[in-house]
Amino acid sequence: MTTRPAADAAHEARWGKTACILCECNCGLEVQVADRNLVKIRGDKDHPGSAGYTCEKPLRLDKYQSDPHRLRAPLRRRQDGTFEEIDWDTALDEIAVRLAAVRDEHGGETIFFYGGGGQGNHLGGAYGRALLHAVGARFMSNALAQEKTGEGWVDQQLHGNHTAGDFERTEVAIFIGKNPWQSHGVARARPVLRELARDPDRAIIVIDPRVSETAAMADIHLQVAPGTDAWCVAALAATLVQEELTAQDWLDQHTVGIEQVLSALGAIDVGDYARRCGVPEEQIRAAARRIAAAESAATYEDLGVQQSPNSTLVSYLNKMLWILTGNFAKPGGVHPHSWVFPIAGRWHPIPRADGPPRGDRLRRALGLAAMRWGARPLRRAMALAARGRGSRLADRIADATLRLFFESVAVPSARHIADTLGRSNIEGSTPVSGARVIGGLIPCNAIADEILTDHPDRFRAMWIDASNPVHSLAESERFRLAMSTLDLSVVVDVALTETARCADYVLPAASQFEKYESSLFTLHFPHNVFQVRAPLLDPLPGTRPEPEIYAAIVDRLGVVEDTLIAELTAAARVSRRAFALAFFATVRRRPELAGLAPYLLYRTLGATLPATEKPVALIWGMAQLCAIAHPDAVVRAGFTARGFDLGEQLFEAFRTRREGVLFTEDRYADAWNYIQHPDRKIHAAIPELLAELARIDGVEPSYTTAEFPFVLSAGERRSFTANVIIRDPEWRRRDKQGALRVCPADATELGVATGDVVRVVTENGSALTPVEVTDIMQAGHISLPNGMGVSYPGENGAEAVGVAPNSLTSAARRDKFFGTPWHKTVPARIEVLAEHTAPGARP
Ligand SMILES: Nc1nc2c(c(=O)[nH]1)N[C@H]1C(S)=C(S)[C@@H](COP(=O)(O)OP(=O)(O)OC[C@H]3O[C@@H](n4cnc5c(=O)[nH]c(N)nc54)[C@H](O)[C@@H]3O)O[C@H]1N2
Ligand SMILES: Nc1nc2c(c(=O)[nH]1)N[C@H]1C(S)=C(S)[C@@H](COP(=O)(O)OP(=O)(O)OC[C@H]3O[C@@H](n4cnc5c(=O)[nH]c(N)nc54)[C@H](O)[C@@H]3O)O[C@H]1N2
Ligand code: SF4
Ligand SMILES: [Mo]
């Protein structure tokens, strides 16, 4: 069952278990490896979440693993802008010195961190948090802050947690600016959608300006004009209120502040809002009635609205659809869920149903005193024990102490670690532009503003890991310019990406199949799954796994004394109990070390694990924190122990069950426990957004002008796009060029046909692209795929196929609350070329 880390037996074909890294579903895979290639790939039937399902995309994942794009040595930029290869020690030494110099001269807060994980790799980024703390940085961001921060904030106000819809069981599935047939986001999306569409008693409702694959299967498709969802979703919610379709008793019992919402929605002119969003009023009313009549309904909003105007307001209105109808804490509804470690929102431990251990307060007081006064001598004793004397005695002492004090001492210690590393408490605004910081993230669209200025607190250095912001953030040119003005920029990636090309140093990472990895997209309810993936093969020579890279730099910064590392390692050699005690006590005694926890674990617990398994040390910490946070749900998932031993059992399962682990099982009623408001109610009124709802009542939406008569959706998910994780254009089976989709009426008026090359022009750029004429588009709406336009080493040197969407977008067009970009509503025009030009050529 377990896959041993590869010994690189070159010719022997081996099957191993891993996961797909192309979208957040992380479907389980079985892969046959030979000659360092992923030769055969199939869905893993044993995976507890995907159960053998895959889409078409991972079958040629070898294009990620084995392409000529792979970096093989650290790179340093020369004066003339070209790169030279340097050895690892030189790279790490120089980077550490330069980071320390920026910190000492301008302060750690001027060192900015971006990325830290894509769709399948969050372990490296978790280790990267230690570096962030080691240099005293405060600001960071990642892709979530150009899509999910508005929704996250709304969730925080309403109930305090991230939610997931129960689409497998729901009667009515509502997708708002979401095309799960292509983009997934729901486990086993296609069978789930097919089943919904096939069953006459269930329904799919889609809000999308296009007839997306999902819209084509829908019972009701509200084909809005692009960017007008606020009026459409407000009209839906208003219909629920005005036709008295709300779950009034449930609202009285489980919500507070709902009256303000009801009165705001009660005042809306549904007919006029229907006109403004371009959807027939009767269709909106029919959709609202269908939702209200259902046993259960669940909603899913995504980029179509999150990267469009009024996104934060739309998130709020979206959530009103399931709140007003009471679709919470029941099969088929919407639920907050457990996490292995939260990537959005606060760490939220749920108390055991049978209450705290007896004498908790006394134990806590005694425990803390013991920790304070006893920890050091104890660790010393461990160190002695590790040298061979009294090891069993030390373990016994640790065992007894843990039994007495685990819940009272390790738990608060765990909270401090989780809050520090999760950073969700970091709020406020950015030093230069005053952009709102939410969940510890600054808006992606504000990053360049924080650099391109002579403000004394501007960002001076940037650390980028597993992300390609020059390509993926609005207005690539401006981001590129911003990078060029920094004192230091470092990129960790597997490929020489568009962003890496702008960096001072590029550090080559081992691929996701060459190291331990895991994704923290553990977003399910009532059953939640986590998979730790073991390497299928050794790192490509010259590359290193991120945990090793981060530990090496933190070593060089010299922020932790050797004696502490030695003492903790000694405790780990005695037993994991002894280690737990020493580790939690250390963090209790020196809270400033919490941010360095990943590094401490790697260097101490990791030192006692087999060499390739070192990165699993952090998984031990996650397992303990997860068991502390959700003890009953972990027990229901089949684990039997309590306290420290429960975390241990979970860790052993994560470490050895290669197909993934069902780590929590909830009951529907448990959803109430995940609400973070002490009254366990949904706080429905959000004053800022109710004011915004009132404001848009006076707005007539329009995003086009005579100069730019089209609305361009810049970045649609198609069958062969996967962000920019795969660079080889040959990976795509269909739509190789990534055509601009245009409706037949517009095509006729322009005089273009499928395959013709046109120039698409926006206020910020222009690009040549072939056209695909298709009636899935509505008049005035055009669309380009995401993930295109990345350079790839070809026969004639580096070539780029397709349009890089952010060569056309603007950083200024963004949500007024959280700065999320309006990629889906870019004003544009189409210029028809006199002569046809080769697609992909520079305009
Ligand atoms: N194949 C594939 N799957 C992916 C990815 C990928 O790159 N490729 N990326 C993953 C990632 S990171 C993400 S975040 C998700 C995103 O997943 P989705 O959000 O589902 O993907 P998109 O295609 O960007 O946008 C969804 C829909 O929004 C519609 N839309 C455009 N403008 C508007 C509008 O004004 N209003 C409304 N209501 N809809 C509008 C588009 O027509 C499209 O059908 O996909 C994930 N899955
Ligand atoms: N115009 C427009 N822009 C968009 C979107 C859009 O719809 N329209 N969508 C947005 C969305 S939703 C998202 S999520 C972002 C995604 O954009 P990014 O956050 O930039 O993420 P990815 O494209 O997933 O890039 C992943 C990077 O990680 C690298 N990588 C892969 N494996 C490893 C590894 O093991 N270690 C390291 N260190 N690196 C690795 C890959 O080579 C790649 O460079 O794009 C956004 N940008
Ligand atoms: S791309 Fe997403 S849905 Fe498709 S196999 Fe990979 S993880 Fe699963
Ligand atoms: Mo995304």
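**Figure 1. Helix H16 (residues 391-422) packs against H21 at an angle of about 40 degrees, their axes 8 Å apart.** Like every view here, this one comes from a predicted model, in which local features need pLDDT of at least 70 and side-chain atom pairs count only at pLDDT 80 or more, while totals for chains, interfaces and linings use all residues. Residues are numbered from 1 along each chain as its sequence is written, chains are lettered from A and ligands numbered from 1 in the order in which they are written, and side-chain values use heavy atoms, with hydrogens and water left out. Helices (H or I, at least four residues) and strands (E, at least two) are DSSP runs, numbered from the N terminus. Axes are lines fitted to C-alpha atoms, for helices over the stretch in contact, and angles run from 0 to 180 degrees between N-to-C directions. The angle makes H16 oblique to H21; under 35 degrees counts as roughly parallel, over 145 as roughly antiparallel, 65 to 115 as roughly perpendicular and the rest as oblique. The crossing of H16 and H21 is left-handed, a term for a near helix turned anticlockwise from the far one by less than a right angle, with right-handed used if it is clockwise. The residues of this contact divide into 14 nonpolar, three polar and five charged (Ala, Val, Leu, Ile, Met, Phe, Trp, Tyr, Cys and Pro are nonpolar, Asp, Glu, Lys and Arg charged, and the others, Gly among them, polar).

**Figure 2. Helix H21 (residues 576-589) also meets helix H25 (residues 643-656), with axes that come within 11 Å and cross at roughly 115 degrees.** That makes H21 roughly perpendicular to H25, and H21 passes H25 in a right-handed crossing. Look for Arg576, Arg577 and Ala580 of H21, which meet Phe644, Asp645, Glu648, Phe651, Glu652 and Arg655 of H25 (contact means heavy atoms within 4.5 Å). By class, the residues of the contact of H21 with H25 are three nonpolar, no polar and six charged.

**Figure 3. Helix H8 (residues 229-242) and H14 have axes that come within 9 Å and cross at roughly 25 degrees.** H8 and H14 are therefore roughly parallel to each other, and H8 passes H14 in a left-handed crossing. On the H8 side you will find Asp229, Ala230, Val233, Ala234, Leu236, Ala237, Leu240 and Val241, and on the H14 side Leu313, Val314, Leu317, Asn318, Leu321 and Leu324. The residues of the contact of H8 with H14 divide into 12 nonpolar, one polar and one charged.

**Figure 4. Aromatic rings pair up in this model, and the count comes to 23 aromatic pairs.** Rings of Phe, Tyr and Trp (its six-membered ring) pair if their centres lie within 6.5 Å; planes under 30 degrees apart count as stacked, over 60 as edge-to-face and the rest as tilted. The rings of Phe112 and Phe459 have centres 4.7 Å apart and planes at 10 degrees, so this pair is stacked. Phe112 lies in strand S6 (residues 111-115) and Phe459 in the loop between strand S16 (436-437) and strand S17 (461-465), so the pair ties together parts that are 347 residues apart in sequence. Phe112 is buried, with a relative accessible area of 0%, and Phe459 is buried at 1% (buried means under 20% relative accessible area, exposed over 50%, partly exposed in between, with a 1.4 Å probe and protein chains only). Phe654 and Phe663 form an edge-to-face pair, 6.4 Å centre to centre with 75 degrees between the planes. Phe654 is buried at 1% relative accessible area, and Phe663 is buried at 0%. Ring pairs also link Trp250, Trp322, Phe328 and Trp672 into a cluster.

**Figure 5. Some backbone angles here deserve a second look.** Most residues other than glycine have a negative phi, and most peptide bonds are trans. The peptide bond from Phe525 to Pro526 is cis, with omega near 5 degrees, and Pro526 sits in the loop between strand S20 (517-518) and strand S21 (527-530). Ala329 has a positive phi, near 60 degrees; this residue is in the loop between helix H14 (311-324) and strand S14 (334-336) and is buried, at 15% relative accessibility. Ala466 likewise has a positive phi, of about 55 degrees, and is placed in the loop between S17 and helix H17 (469-472).

**Figure 6. Pro508 is found in strand S19 (residues 505-508).** At 0% relative accessibility, Pro508 is buried. Pro508 and Arg544 are 36 residues apart in sequence and 6.7 Å apart in space, C-alpha to C-alpha. Not counting residues up to four places away in sequence, Pro508 touches Leu71, Arg72, Ala73, Pro74, Trp88, Asp493, Gly542, Thr543, Arg544 and Ile549.
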